Amino acid sequence: MTTRRQALARVAALGALPMLGSAAAQAYPNKPIELIVPFAAGGGTDVLARALAEAARPHLGQSLIVVNRAGASGGVGWAELINARPDGYKLAIITVEITMIPHMGVVKFSADDVLPIARLNADPATIAVRTEAPYKTVEEFLAAARKAPGDLRVGNAGPGSLGHLAAAALEDKAGVQLNHVPFRGANPAVLDLLGGHIDAVAVTPVEVATYVQAGKIRPLAVMADKRIAAGWEQVPTLKERGIDLLVGGWRGLAAPKGTPPEALAVLREAMARTLREPALRETMAKQNMGEGYLDEANFKSLIARDNATFRELIQRLGIKPA
């Protein structure tokens, strides 16, 4: 027979269950979080990820451990994210390329297979050469391309990367033919440019900022609607040079689908706070890395828009992986 004391104990235990669930949810994160960077170390995405990891620690209470998984223009790292256990302890940096490479057949997944958390920054594409190159302006570069179709070697971060599509779009707009040279990330491409093995790179400003400051690389133009700051004030936009072309990239944070809502809420709040950190913003400015925080809803809308834009561009130009 159940006594009054036993009945009260059961009621008390049942009443405590929601509190226990709440406490468990609040415990996230209770160990370090792995952050996949789907490109080689030293590139712009890697630079941002490492700065983000340092700035986020006070807001997460745990470390973000950066792990590089380069290959397939981001596809290798994103495949790992998609197949990861959705517990909030494996995240990845996603970039605009996730809206490009699926339409080229480089990967079998799409942008819909990851769960966006927040956009971290936004940058235009740029065309840059060595300072000792004979091309002082983008007009001179394009004139050389017209004179010798297919001879100018332009490096990019891989088939279907932002640089690849930016250079392909420039070919289309300017009526030239370039020789696209893919690398396993932007940094290897830039290093080959410095070594004189290629003629130019199509990347974002952060990937060449250090070398521009050192006087080793000359950006010819940015594919933005207006000039950018931090030492690039003298670099014209393509639109100023009569080429109506805007191509830009972004970097964001994503989780596997099925990640618990409690973990996502923690990550969203932590990212919003982290991106306001003065030290992180200073690092981004020094690296010519544009700010561009977007919350989850606006980030998802941007991804959908870019997905449609690049699908049309890839299909219209018949762009292939190699």
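This is a predicted model: local features need pLDDT of at least 70, side-chain atom pairs count only at pLDDT 80 or more; totals for chains, interfaces and linings use all residues.

Q: What volume does the largest pocket have?
A: About 540 Å³.

Q: How many residues line the largest pocket, and which lie nearest its centre?
A: The lining has 24 residues. Nearest the centre are Met223, Leu246, Val247, Gly248 and Gly249.

Q: Which element gives the largest share of that lining?
A: Helix 10, with 8 residues. Strand 4 (114-124), strand 10 (248-256) and helix 10 (296-317) each supply at least two.

Q: And the lining of the largest pocket by class?
A: It splits into 12 nonpolar, 9 charged and 3 polar residues.

Q: OK, how much space is in the second largest pocket?
A: About 270 Å³. Its lining counts 15 residues, and His164, Ala168, His180, Ile319 and Lys320 lie nearest the centre.

Q: Which elements give two or more residues to the lining of the second largest pocket?
A: Helix 5 and strand 7 (179-182). The largest share, 4 residues, is from helix 5. By class, the second largest pocket is lined by 7 nonpolar, 5 polar and 3 charged residues.

Q: Tell me about helix 5. Is it mostly covered or exposed?
A: Mostly covered, with 11 of its 13 residues buried. Among the buried ones are His164, Ala168 and Glu171.

Q: What span does helix 5 reach?
A: Residues 162-174 reach 18 Å from first C-alpha to last, close to the 18 Å expected. Just after helix 5, glycine 175 has a positive phi of about 70°.

Q: Switching to charges. How many salt bridges are there in the whole structure?
A: The search finds 19. One of them joins aspartate 46 and arginine 50, at 2.9 Å, N to O.

Q: Where do aspartate 46 and arginine 50 sit in helix 2?
A: They are 4 residues apart in helix 2 (residues 44-60), so about one helical turn separates them. Aspartate 46 is buried at 5% relative accessible area. Arginine 50 is partly exposed at 39%.

Q: What about helix 10: how far apart are arginine 316 and glutamate 312 there?
A: Again 4 residues, about one helical turn. Their closest N and O atoms are 3.0 Å apart, in a salt bridge. Arginine 316 is partly exposed at 48%, and glutamate 312 is partly exposed at 41%.

Q: Which residues are linked in a network of salt bridges?
A: Glu34, Arg69, Glu80 and Lys90.

Note on methods
Residues are numbered from 1 along each chain as its sequence is written. Side-chain values use heavy atoms; hydrogens and water are left out. The expected span of a helix is 1.5 Å times one less than its number of residues. Buried means under 20% relative accessible area, exposed over 50%, partly exposed in between (1.4 Å probe, protein chains only). On a 1 Å grid over the protein atoms alone, a cavity is a set of points where a 1.4 Å probe fits but cannot get out, and a pocket is an open set with protein on both sides within 12 Å along at least five of seven lines; lining residues have an atom within 4 Å of a point. Grid points are joined across faces, edges and corners, and a volume is the space filled by probe spheres set on the points. Ala, Val, Leu, Ile, Met, Phe, Trp, Tyr, Cys and Pro count as nonpolar, Asp, Glu, Lys and Arg as charged, and the others, Gly among them, as polar. A salt bridge is a side-chain nitrogen of Lys or Arg within 4 Å of a carboxyl oxygen of Asp or Glu.
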